[in-house]
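Visitor: I am new to this structure and would like to learn how to read it. Could you walk me through it?

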Amino acid sequence: MSEWLRCIACAREYDALEVRTTCECGGLLAVARSALSVGPALFDQRRASRHPIDQSGVWRFREGVLSADEATIVTHPEGSTRLYERDGVLFKHEGENPTGSFKDRGMTVAMTQAVRVGARAVACASTGNTSASLAAYAAQAGLRAIVFVPAGKIAAGKLAQTLAYGALCLAVRGDFDAAMRLVLDASKEFGIYLVNSINPFRIEGQKTIVWELLQDLDWRAPDWIVVPAGNLGNTSAFGKALVEARDAGWIDRLPRLAAIQARGANPFYRSFTESFASRHRVAAETVASAIRIGDPVSFDRAVAAIRATNGVVEDVSDEEIMTAKRDIDRMGIGCEPASAATLAGLRKLRAAGVINASEQVVCVLTGHILKDPDAVSGNVVEIDPSLDSLASVLGSI
Ligand code: F0G
């Protein structure tokens, strides 16, 4: 086996094809593999290739993701998102994935693993993006899709996608954290394959956000990578990706991670301010519904990621998030509210002198602007079909 599972708490190991969400000890599992002997030259060559799995910005890095038979890989393909530069800041737009969020990068791997272990049904709890991604990839793989969302709390675009792709959508009366607890119990009780980011194969796919942005920068590490933090899958994946890239010699130094939470959903930030001495749980409330999460499941893995990268955790108010979102929208790029936490966090960290003006920063925009159409500012102006009416609105141009 070229990969196996290892508990991050007690180091116990399991076969990669064993289906389990956590270790016997309750610790989180991570995919382990022997040292990587491939690198940038091969990845750059594949980026120019027309072969479908090379065109995936996930499977282009397959030696570091999952060694699956090509025939079993469930790929749209995904990834190969753009890196924009605006006002000296780089934005890696993961909303340009097939279902409009970064989740597709983890989902292609988790769904491939579901096929490998012979799963018939797959499930997740979700604030909307994971559910949309799961529904799309399950449809492609021909697996039954069951999603648990907090009733009345997910954005319109995400719900529409989830239903359109044909998932069974269960609205749980409670918040995301309640839906998460229920799906964890359900996966054990009914033998449904769980594809939330507690699933270590999701993390393997999401690492490629970082690997691809390093490739975009010609394998020169930026000073900072800024990411919104909810259930903490991405923060965990980014830390693992960076350490692996450094250990394999793809980059010569580690960028620092900045994980940004919404003030009303900031358990990770609270723990960070105490040097992670205790784990916090909160009743979450924020306008950024994607990260309205009070008890993140990947907490322990994310602590390791912040420590390994000398990273920081910051929190930002809903007002700061919405101001940043408006600014990203007005750049002609656009994103959903949770993604804008990155720019809001960057502004705060710069003001505090944690990030200085000369440092190169990449903000990862996690979701597409159309995911949450209700969060857009601006007014439609209704006019009569006449030049007079038009002139009264235009004033002098
Ligand atoms: N940004 C967006 C747009 C998200 O949808 C999420 C998570 C995050 C950021 C936070 O990432 O959980 O890895 O820390 N959405 C999950 C979902 C919870 O169900 O779609 P994280």
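Visitor: What volume does the largest pocket have?

Guide: Happy to start there, and please keep in mind that this is a predicted model. The largest pocket has a volume of about 550 Å³.

Visitor: Which residues lie nearest the centre of the largest pocket?

Guide: A lining list tells you where to look. Here 23 residues line the largest pocket, and Ala30, Val31, Lys240, Val243 and Glu244 are the ones nearest its centre. You can also read the lining by element: β1 (3-7), β3 (29-33), α8 and α10 (299-308) each supply at least two residues. Helix α8 gives the most, with 6 residues. By class, the lining of the largest pocket has 14 nonpolar, 3 polar and 6 charged residues.

Visitor: What volume does the second largest pocket have?

Guide: The second largest pocket comes to about 290 Å³. It is lined by 19 residues, with Val19, Arg20, Thr21, Tyr193 and Leu194 closest to its centre. The elements that give two or more residues to this lining are α6 (176-190), β9 (193-194) and α7. The lining of the second largest pocket divides into 10 nonpolar, 6 polar and 3 charged residues.

Visitor: How many cavities of 30 Å³ or more are there?

Guide: A pocket is open, whereas a cavity is a space from which the probe cannot get out. The count here is 1 cavity of 30 Å³ or more. About 320 Å³ of space lies in the largest cavity. Its lining has 28 residues, and Phe102, Lys103, Asn231, Ala290 and Ile291 lie nearest the centre. The elements giving two or more residues to this lining are α4 (129-141), α7 (200-216) and α8.

Visitor: Which element gives the most to the lining of the largest cavity?

Guide: That is α8, with 3 residues.

Visitor: Let us turn to strands. Is β10 mostly covered or mostly uncovered?

Guide: For a strand, look at how many residues are buried, and then at which way each one points. Strand β10 (residues 224-228) is mostly covered, with 5 of its 5 residues buried. Trp224, Val226 and Pro228 point one way, Ile225 and Val227 point the other way, and all are buried.

Visitor: Which strands does β10 pair with?

Guide: Bridges show you the partners. Strand β10 runs parallel to strand β11 (residues 256-262), and 5 bridges join the two. To go from β10 to β11, the chain passes through helix α8 (residues 233-247), in a right-handed β-α-β crossover. Within this pairing, Val227 has Ala259 of β11 as its bridge partner. Strand β10 is also joined to strand β13 (residues 361-365) by 3 bridges, again with a parallel run. There, Trp224 stands opposite Val361 in β13.

Visitor: Why is β6 described as largely enclosed?

Guide: The reasoning is the burial count: 5 of the 5 residues of strand β6 (residues 121-125) are buried, so the strand is largely enclosed by the rest of the structure. Ala121, Ala123 and Ala125 point one way, while Val122 and Cys124 point the other way, and all are buried.

Visitor: Which strands pair with β6?

Guide: One is strand β7 (residues 144-150), which runs parallel to β6 and is joined to it by 5 bridges. In that pairing Cys124 stands opposite Val147. Together β6, α4 and β7 make a right-handed β-α-β unit. Another partner is β9, which pairs with β6 in the parallel sense over 2 bridges. Here Ala123 stands opposite Leu194.

Visitor: Now the cysteines. How many disulfides are there?

Guide: To call a disulfide, you need two cysteine sulfur atoms within 2.5 Å. The count here is 0 disulfides. Take Cys10: it is in no disulfide, and the nearest cysteine sulfur, that of Cys23, is 3.7 Å away.

Note on methods:
Residues numbered from 1 in each chain as written. Predicted model: local features only at pLDDT ≥ 70, side-chain atom pairs only at ≥ 80, totals over all residues. Heavy atoms only, no water. Buried < 20%, exposed > 50% of the residue type's maximum accessible area, 1.4 Å probe, protein only. Helix = DSSP H or I, 4+ residues; strand = E, 2+ residues; numbered from the N terminus. Pairing = 2+ DSSP bridges. Right-handed = clockwise from strand over helix to strand, strands pointing away. 1 Å grid on protein atoms, 1.4 Å probe; cavity = no way out; pocket = protein on both sides within 12 Å on 5 of 7 lines; lining within 4 Å. Points joined across faces, edges and corners; volume = space filled by probe spheres on them. Nonpolar A, V, L, I, M, F, W, Y, C, P; charged D, E, K, R; others polar.
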